[in-house]
Each structure stands twice: as structure tokens, then as C-alpha cells.
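Reader: Please take one part of the model shown below and examine its packing closely. I would then like that part placed among its surroundings, with each criterion stated.

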Amino acid sequence: MKLGKRLKQLDAMVPPGYDHIWDCCCDHGLLGATLLSRAAAPHIHFVDVVPALVSDLQVRLQQFQPASSTAWTAHCIDAHALPLAQYDGRHLIIIAGLGGDLTGQLVEAIQAASPDLTIDFLLCPVRQQFALRSQLICLNFALKHEALLEENRRYYEILFVSSKAMLGSQISQVGELIWQAETPEQAAIARGYLTQTLNHYQRASLNAPAHAQHILQAYEMVQTRCDAR
């Protein structure tokens with residue numbers, strides 16, 4: 001099973017200690033299967049709303065993981081309706097491959113359905129990162145870690161967050177750790193991503209200035225800080 005850079009990074013950011021990991025919108029289940037193969041948690045949940053995908057995934061998991069010590073369940077449900085209350089223990093919910101607006105809606109709905117639970121989320125939106133970060137701030141979530149990567153000439157932010165503010169640091173609308181490169185490769189990715197993001201909001205500010213101007217200014221401040229280093 002060969003994972004791309006994005007799924008490898010998501011896998012690497014999953015720490016031990018969870019009782020249940022939910023791979024939402026799992027598609028063909030590559031990430032969840034990797035977590036299952038390394039026993040990342042006692043129970044791995046595969047979630048998708050498409051019946052054919054879930055049925056095919058169940059068959060493949062039964063074939064290739066017949067003797068796994070880790071339990072798994074494939075759920076054909078909308079991610080809004082995760083049955084967290086049916087399972088005791090610590091939960092990590094992974095949502096990747098959706099837009100930031102939809103990702104934020106899912107996070108808010110899941111949290112609202114289980115307000116007494118401490119839930120961690122590993123999120124990788126494909127766009128609208130600023131909107132997602134802003135919503136997480138409004139929900140009083142905390143940042144545990146964040147990462148930036150490039151795969152197939154596309155940039156991805158990954159946010160590892162907690163529903164409890166005391167379990168991490170404050171979330172930045174534009175990111176903080178993702179701009180602090182430790183290698184030349186990371187520095188090049190950060191520069192490329194910042195340039196792309198600035199160009200996007202410069203164009204957007206011409207068409208919808210009320211919406212985009214303050215976002216553009218926030219990323220221009222990131223550029224100023226990066227240039228000063």
C-alpha cells in the first residue's frame with residue numbers, strides 16, 4: 001500500500017493514546033488501512049456516505065486484515081452523524097479532502113452533538129483554509145500541531161486541533177508553525193505557498209474587496225515577518 005505525501009503526513013501526525021480513530025470521507029480507505037496495519041488505535045472506524053465505496057472497503061478489509069488485533073468498523077453514514085457516544089474512550093477524527101467551509105461545518109456539527117466529549121481533529125482542507133481556521137477560533141478550539149506540504153504541485157495545510165482550549169495553543173488565522181521552516185525544502189514550500197496565497201487574495205480583493213481585503217492584509221503581515229527573518 002503506497003501512500004502519497006499528504007496521507008503519509010497525516011499518518012505521521014497521529015500520536016498514540018486514542019481508543020477510536022475515525023477516518024471520515026475515507027474514500028478507498030488508504031489512510032485508515034495504514035492506521036489499522038500499524039495498530040494506531042484499538043479501534044479504527046472507516047466512514048463514507050457512498051454505499052458502494054463502503055461495501056467494497058469492507059470486502060477488502062476482510063481479505064487483507066483477517067487476523068488483525070485491531071478492531072475496525074465501516075460506517076455508511078454522513079460524517080455529521082458519527083455515533084461517538086456508543087464508544088467509550090478518546091476519539092480522534094480525521095477529515096481530509098474537503099473544502100474548508102464544509103470541513104468546518106462537520107467539525108461544528110460533531111462537536112455540537114457531543115459537547116461533553118474532548119475530541120481531537122486532524123484536518124486537511126483542500127481550500128478555504130483561512131475560513132476554517134477562523135471558525136475553529138470561534139469554536140474556542142486549541143492547536144496541537146500544524147504542518148504544510150506540497151504534493152503534485154498543490155499545497156496542503158494540516159491542522160491537528162482539540163475541542164478543549166486548554167489542551168493546546170491559540171490557533172492563528174493564517175498559521176504560525178507552517179512558516180517556521182527547519183530545512184531548505186520546507187522554506188521553499190512555505191515561500192511558494194505564501195506567494196500563491198497572496199496572488200489568490202490579490203485577485204479576490206479586486207472582485208470582492210469587502211470579503212478579501214482583510215485576509216490579504218493578514219497574509220501580507222506573514223510576508224513581512226518572513227522577510228525580516
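**Helix packing and its surroundings**

Author: Helix 6 (residues 184–207) and helix 7 (residues 209–228) pack with their axes 8 Å apart and at an angle of about 150°. Helix 6 is therefore roughly antiparallel to helix 7, a term for angles over 145 degrees; under 35 is roughly parallel, 65 to 115 roughly perpendicular and the rest oblique. The axes are lines fitted to C-alpha atoms over the stretch in contact, and angles run from 0 to 180 degrees between N-to-C directions. This is a predicted model, in which local features need pLDDT of at least 70 and side-chain atom pairs count only at pLDDT 80 or more, whereas totals for chains, interfaces and linings use all residues. Residues are numbered from 1 along each chain as its sequence is written, and side-chain values use heavy atoms, with hydrogens and water left out. Helices (H or I, at least four residues) and strands (E, at least two) are DSSP runs, numbered from the N terminus.

Helix 6 and helix 7 cross in the left-handed sense, the near helix being turned anticlockwise from the far one by less than a right angle, with clockwise for right-handed. On the side of helix 6, the contact (heavy atoms within 4.5 Å) is made by L194, T197, L198, Y201, Q202, A204, S205, L206 and N207. Their partners in helix 7 are P209, A212, Q213, I215, L216, Y219, E220, V222, Q223 and C226. By class, this contact has 12 nonpolar, 6 polar and 1 charged residues; Ala, Val, Leu, Ile, Met, Phe, Trp, Tyr, Cys and Pro count as nonpolar, Asp, Glu, Lys and Arg as charged, and the others, Gly among them, as polar.

Both of these helices also meet helix 5 (129–138). The buried residues of helix 5 pack against helix 6 and helix 7, and also against helix 4 (100–113), strand 5 (119–124), strand 6 and strand 7 (154–162). These buried residues are Q129, F130, L132, R133, S134 and L136. Q129 has a relative accessible area of 11% and therefore counts as buried (under 20%; exposed is over 50% and partly exposed in between, with a 1.4 Å probe and protein chains only). Leaving aside residues up to four places away in sequence, Q129 touches E157 and Y193.

Helix 5 is followed by N140, whose phi is positive, near 65°. N140 lies in the loop that leads from helix 5 to strand 6 (142–151). Most residues other than glycine have a negative phi. A39 likewise has a positive phi, of about 50°, although it is not a glycine. The loop holding A39 runs between helix 2 and strand 2 (43–48), and A39 is partly exposed at 43% relative accessibility.

Helix 2 (residues 30–37) in turn packs with helix 1 (residues 5–12) at an angle of about 40°, with axes 10 Å apart. Helix 1 and helix 2 are therefore oblique to each other, and their crossing is right-handed. L7, L10 and D11 of helix 1 meet L30, L31, T34 and L35 of helix 2. The residues of this contact comprise 5 nonpolar, 1 polar and 1 charged.
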